[in-house]
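Please consult the sequence and the structure alongside the text.

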Amino acid sequence: MTARREKELTLLVALVTILVMPTLFAGSAEAVNSSALRMWSEAPNVVVNAGETADFTITLAASTLFSITVSFSIIDLPENWTYSFYLKDLQIQGVHLEAGKTATIQLTVDIPLHATTGTYEFKVFASGEGLHDSYSFPVSANLPLTLEIQSPQAQAALSLTTTSPEIIAHVGSSLSYPITITNKRKTGDIFILAVSLPKDWTAAFKITVGGKSQEVKRVYIEGNKALELTLEVTPLIEADIGSYPIVVTVTSENRQIDASLSLSASILGSYDLAVTNENMFTNVFAGQEIEYELTIGNIGGSEVTNVRVELDGQAPTDFTVRVVPRALASLEPDQETTFTISIETESDVSAGSYYIDFKLVSDQTEAQKFSLRVDVEQRAGPIVYIGLVPIIAAVVFFFVYRRIRRR
């Protein structure tokens, strides 16, 4: 009992020393509480640019007699400025200190890009309670800090870049812009994605996760990290040919920082070729050669290059097929051109209808297949004519005989 009473008496003296004596000499509760909890910073004055993040390193120390549990708050910080406390990269709201122990925490303050330059003073408060066995009492401490804000560096905290600021596409095609968002602040943040488009166009931001593409409207980017995504834009199907502006805007969730990126979409007309002949057939005598004029038209809205008419497979047996020219360098919209198809048959080819398969191709269009029907006829040979001589002679003799008889 004597030892316990001595312990309690020692504790009572300590409490009186902490709670009463500083009040007598300092006359303030703030000084009293600082006896149980001390808080300081080796660099309480920090200079940063608007749009950046300020970092303060703060150390807390508990009295050797009591464990301390406190939570943090800040006063006099300008409105809409945000802050966070961290302990070993873990975001916290307070700390617990065993008797005689210290803890070092980080305070980050996000400075808005449009913050007014000048000096800002504010205080960090730590308040809670001290504890020893069953005895507890309130403790608190405050730390004055100063921020000197300088003029912002242009888009210092956030940047948007792309390797393809202008993409050329054709009516009915989609456009894909690769975009890199770089968070230059030391702390991570959530960013809202937005895009300004021509009327009735649509767009989606997409990222690849686990090998799969998924649409996103906001993303989280760690401090000093970059995120790659793709903006997929679908123009209006009836869009006129021309150049269209697209503006991408990325804004932090607290709207303190933002950045924009200007893009361009150049829309060209569609690619389309057509065979314009009305009748896709011809005829030839066996053993002869004929030429068929094939007319090709560019019915799209853009120039088509390397236009060719080629055999699709093999020509029929005993047929020789050639196409002139072999290729046309280019064909402008609404223009036509003619290819000459030469068809030569062997003399012993059987009479009948034959189909020759072709394909119309170019650098921009898919192959269009079509067929040309060729009707082969056989001419009457010499033997046929020799056999007709007696018949013709008999007919002539008959008419001569009838005339003589009448006389």
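Which residues does Thr108 touch, not counting residues up to four places away in sequence? Thr108 touches Thr53, Ala54, Asp55, Thr82, Tyr83, Ser84, Tyr86 and Thr187, where contact means heavy atoms within 4.5 Å. The model is predicted, so that local features need pLDDT of at least 70 and side-chain atom pairs count only at pLDDT 80 or more, whereas totals for chains, interfaces and linings use all residues. Residues are numbered from 1 along each chain as its sequence is written, and side-chain values use heavy atoms, with hydrogens and water left out.

Thr108 lies in strand β8, residues 102-110 (strands are DSSP runs of E with at least two residues, numbered from the N terminus). Thr108 counts as buried because its relative accessibility is 6% (buried means under 20% relative accessible area, exposed over 50%, partly exposed in between, with a 1.4 Å probe and protein chains only).

The structure holds eight salt bridges, each a side-chain nitrogen of Lys or Arg within 4 Å of a carboxyl oxygen of Asp or Glu. One of them joins Arg185 to Asp189, with the closest N and O atoms 3.7 Å apart; Arg185 and Asp189 are both buried. A network of salt bridges links Asp110, Arg185 and Asp189.

Another salt bridge pairs Arg308 with Glu310 at 2.9 Å, N to O. Glu310 counts as partly exposed because its relative accessibility is 27%. Arg373 and Asp375 also form a salt bridge, at 3.1 Å from N to O. Here Arg373 is partly exposed, at 27% relative accessibility, whereas Asp375 is buried, at 19%.

Notes:
Helix = DSSP H or I, 4+ residues; strand = E, 2+ residues; numbered from the N terminus.
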